[in-house]
Amino acid sequence: MPKNRVEKLESTVAELESTVEGLTEELVESKERIRVLENALDTQPPSRVPDRRPVETPQAAPDDVEAATAEAATEVEDDVEGADEGEADDEPQESRTDEIIVA
């Protein structure tokens, strides 16, 4: 029986050697693919600071400004007329003065 056990161990060793060789070959191929991809991308070390881009503020068209002004004026007139007619608002009126409280 000792001969059978030796043969089994030798078989196991041969399988393990084959597995190690295969894994080593895969590792070498993976490293090569990574190197090729890095060279193709010409990567720089990533930075944690995002790129700063100037923020452009869109300009309103003159017609849009006139329309908004007219709409705001109409709303103010409606509010003034409603107050003149004695309508009671459920909402508290806002103060139009800026107050600074100094403690």
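What share of the 103 residues of the protein counts as buried? The figure is 1%, where buried means under 20% relative accessible area, exposed over 50%, and partly exposed in between (1.4 Å probe, protein chains only).

Before going on, a word on the basis: this is a predicted model, in which local features need pLDDT of at least 70 and side-chain atom pairs pLDDT 80 or more, while totals for chains, interfaces and linings use all residues. Residues are numbered from 1 along each chain as its sequence is written, and side-chain values use heavy atoms, leaving out hydrogens and water.

The protein has two helices and zero strands, taken as DSSP runs (H or I of at least four residues for helices, E of at least two for strands) and numbered from the N terminus.

Now to the charges. The whole structure holds one salt bridge, meaning a side-chain nitrogen of Lys or Arg within 4 Å of a carboxyl oxygen of Asp or Glu. R35 and E32 form this pair, at 2.5 Å from N to O. They sit three residues apart in helix α1 (residues 2-41), so about one helical turn separates them.

| Residue | Relative accessible area | Class |
|---|---|---|
| R35 | 42% | partly exposed |
| E32 | 38% | partly exposed |
| E21 | 57% | exposed |

E21 also lies in helix α1.
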